[in-house]
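Read it alongside the model.

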Amino acid sequence: MTDVLRPDQRTAPAGRRRGWPPRLDKIAFGGDYNAEQWPPEVWSQDRQLMRQAGVTVATVGVFSWALLEPEPGTYDFAWLDEVIDGLHEAGVRVCLATPTAAPPAWLAARHPESLPVTRDGVRLGIGARESFCPNSVHYRAAAVNIAQQLAYRYGEHPALALWHIGNEFGSHVGACYCAVCATMFIEWLQAAYSDLAELNDAWGTTFWGQRYGAWNEITPPHPAPMGVNPAQQLDYRRFSSDSHLACFIAERDAVRAITDAAPITTNLMVTACQNLDYWRWAPELDVVSNNHYLTAEAQSSYLGMSMSADVARGLSGGTPWLLMETSTSAVNWQPRNIAKVPGELRRNILTNIARGADGAMFFQWRASRFGAEKFHSAMLPQSGTRGRIWNEVVALGAELARLDEVRGTTVAADVALVWDWQSWWALELEYRPSADLGYHERVDAFYEALWRDHRTTDVVSPLGDLATYPLVVVPSLYLTTAEAASNLRLYVEGGGRLVVSYFSGIVDAHDTVHDGPYPGALRDVLGLWIDEFHPLRKDESVELDGGTAGRIWSESIIVDGAEVISRFTTGPDAGGPAVTRHRLGSGEAWYVATALDVAGLRALIAGALPTSALSPAPTGATTGAVAASDDLEVVRRAGADASYLFLINHGSESASVNASGIDLLTGRAHDSSVPVAAGDVVVLRERS
């Protein structure tokens, strides 16, 4: 049986994170290089074109297990030797992946029990990827073995810059419900709870007569006639996240035991993957890596790119991180795969660099001619070197080379936004007061409001250090532990300004409602209590005095120390408080009881945090320095010797910013006003 990661277990020693790979001494630029899809005569052409495009690093081996180990214990590294040696000769560094996201067919044939099982009891087959149970002893042993073989062979190779363990852990198969997982779930629970009495109490098993009298009575949360105990579901989510993390750690430690020449990472999907608690994962990575693909049909889809970058930077603790995957244009798996317009690729990549990435990579280098992702864009598309995308890739590589001096600098943030995967899990379980309560709905709205005001946002854990931020927003924290509530209260008492949205503070880690009236854990810091929730009908809205309106939600608020800033004028709570402010210690806690639109949130934030409250000076845009549409992205990275102002115009109108310095992309000097044409980017080395 495989080891199970205990709920309280951290394996990375304090200070173990190695940080940015020293062999990536330029901005990382490249992509997944699946050379095995092409005959060897193409490889030399690839290397020539990589040099032309300015590629500095290529990820190899991600899905090549079946070729590297065609049968158990039989290895063929000759082709990979040629690929890695060729890249080295071409001056391209290697990010070497363990290929364990795509187990070979022989593993499933010999050990069909290693395949994952769905919640409905269906054992999934092969022919795709992620066809493994993370707790399968056969899968785990085989994965560790191939990782060791790669480490022995390439661990000291001069081209090796970074290890990439697995691929997108938990993104498509978050939880397995097989018999092995059922047994290991019980072991996980026995580590989490001192005895069955504690578990029964935490899970509230007196409800619906669910009490357990023996450990072996507990099962995974399989489908049942009605909604399964939410506390049981949450613990299974935690167990599943830890199971995947244990897989990563097993491979990571196997590599480290053989070679310690290069840092180790895996590619997270920070705003898209709900299945894993990345606050728990981040300390185990030497460098944080992220995958992000635009939701192409979304209005202002660049906002999702910015937020994903900010979440990745938050996981990295503000240190440089790597965009491991994105697309040059359209993907292949969305309902309508919209191509990027000219210049959009450039803006997307420079957004990530602006927000703390020291590298940007793509899936993939050369577009596939077969398989499920043959219509996915690539650095070298089906049109070859004659098309628009190739020309944009080459131009982008040249521009990134001009930004090398930005590497290692850090992002200067104005405000913080609290983000929590476990609250996301809990909020979207069954039997919530409204089907319109979605985690991303409020998070996205608050983030956009801050973005439109040109405020740079750090994304933080509910238990993170908040002391340095003049404003902290809590868009969606339905699950709020006592420790998180205490952290927020101390922040306000110490002089911070907190903005909390509705349906936060409601339950503890086991989805048990906090004692007393809503909003439970946040009642004292907000200075109010809620008599009753009043979810709104589909497409219904309520008016507030001052001319704003809300959707989705209304509630009956009783102030208990807070002052009323705005009231409902229509709807079930007409005349009652809609926005409140509670002065506590030397700070303030604001509360909003409905889903304001972005314009309403901007006004709310302006009231909660006037410009004069920002200290030190903001990123260069919040003091009236911007004459622009709301589509201008303004972010500063700062180092010991210089600061760099990124101005990215996603709009159709020109903009200007009061600043001075040299544009690293063009060499042009600006003395006071910096113009940014529609769709253009300026990276200004600022004058001190």
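Gln210 sits in the loop between helix H7 (196-203) and helix H8. The model is predicted: local features need pLDDT of at least 70, side-chain atom pairs count only at pLDDT 80 or more, and totals for chains, interfaces and linings use all residues. Residues are numbered from 1 along each chain as its sequence is written, and side-chain values use heavy atoms, with hydrogens and water left out. Helices (H or I, at least four residues) and strands (E, at least two) are DSSP runs, numbered from the N terminus.

**Gln210**
- Gln210 counts as buried, at 19% relative accessibility. Buried means under 20% relative accessible area, exposed over 50% and partly exposed in between (1.4 Å probe, protein chains only).
- Gln210 touches Thr205 and Asn229, leaving aside residues up to four places away in sequence. Contact means heavy atoms within 4.5 Å.

**Helix H6 against helix H8**
- Helix H6 (residues 179-192) packs on H8 at an angle of about 100°, and the two axes are 10 Å apart. Axes are lines fitted to C-alpha atoms, for helices over the stretch in contact, and angles run from 0 to 180 degrees between N-to-C directions.
- This makes H6 roughly perpendicular to H8. Angles of 65 to 115 degrees count as roughly perpendicular, under 35 as roughly parallel, over 145 as roughly antiparallel and the rest as oblique.
- H6 contributes Cys181, Met184, Phe185, Trp188 and Leu189 to the contact. H8 contributes Gln232, Asp235, Tyr236, Arg238, Phe239 and Asp242.
- The residues of this contact divide into 7 nonpolar, 1 polar and 3 charged. Ala, Val, Leu, Ile, Met, Phe, Trp, Tyr, Cys and Pro count as nonpolar, Asp, Glu, Lys and Arg as charged, and the others, Gly among them, as polar.

**Helix H3**
- H3 (residues 78-89) has 12 residues. From first C-alpha to last, H3 reaches 16 Å, close to the 16 Å expected at 1.5 Å a residue. The expected span is 1.5 Å times one less than the number of residues.
- Buried in H3 are Trp79, Leu80, Asp81, Val83, Ile84, Gly86 and Leu87.
- The buried residues of H3 pack against helix H1 (40-53), strand E2 (57-60), helix H2 (65-68), strand E3 (93-97) and helix H5 (137-154).
- Gly91 follows H3 and has a positive phi, near 80°.

**Salt bridges**
- The whole structure holds 35 salt bridges. Each is a side-chain nitrogen of Lys or Arg within 4 Å of a carboxyl oxygen of Asp or Glu.
- Asp260 pairs with Arg18, with the closest N and O atoms 3.5 Å apart. Asp260 lies in the loop between H8 (230-258) and strand E5 (264-265) and Arg18 in the segment before strand E1 (28-32), so the pair ties together parts 242 residues apart in sequence.
- Asp260 is partly exposed at 41% relative accessibility, and Arg18 is partly exposed at 32%.
- Arg153 and Asp81 form a salt bridge at 2.7 Å, N to O. Arg153 belongs to H5 and Asp81 to H3, so this pair ties together parts 72 residues apart in sequence. Arg153 is partly exposed, at 44%.
- Glu633 bridges to Arg355, with the closest N and O atoms 2.7 Å apart. Glu633 lies in strand E24 (residues 632-638) and Arg355 in the loop between helix H11 (344-354) and strand E9 (357-362), so the pair ties together parts 278 residues apart in sequence.
- Glu633 is buried at 1% relative accessibility, and Arg355 is buried at 2%.
- Asp310, Arg313, Arg355, Asp458 and Glu633 are linked in a salt-bridge network.
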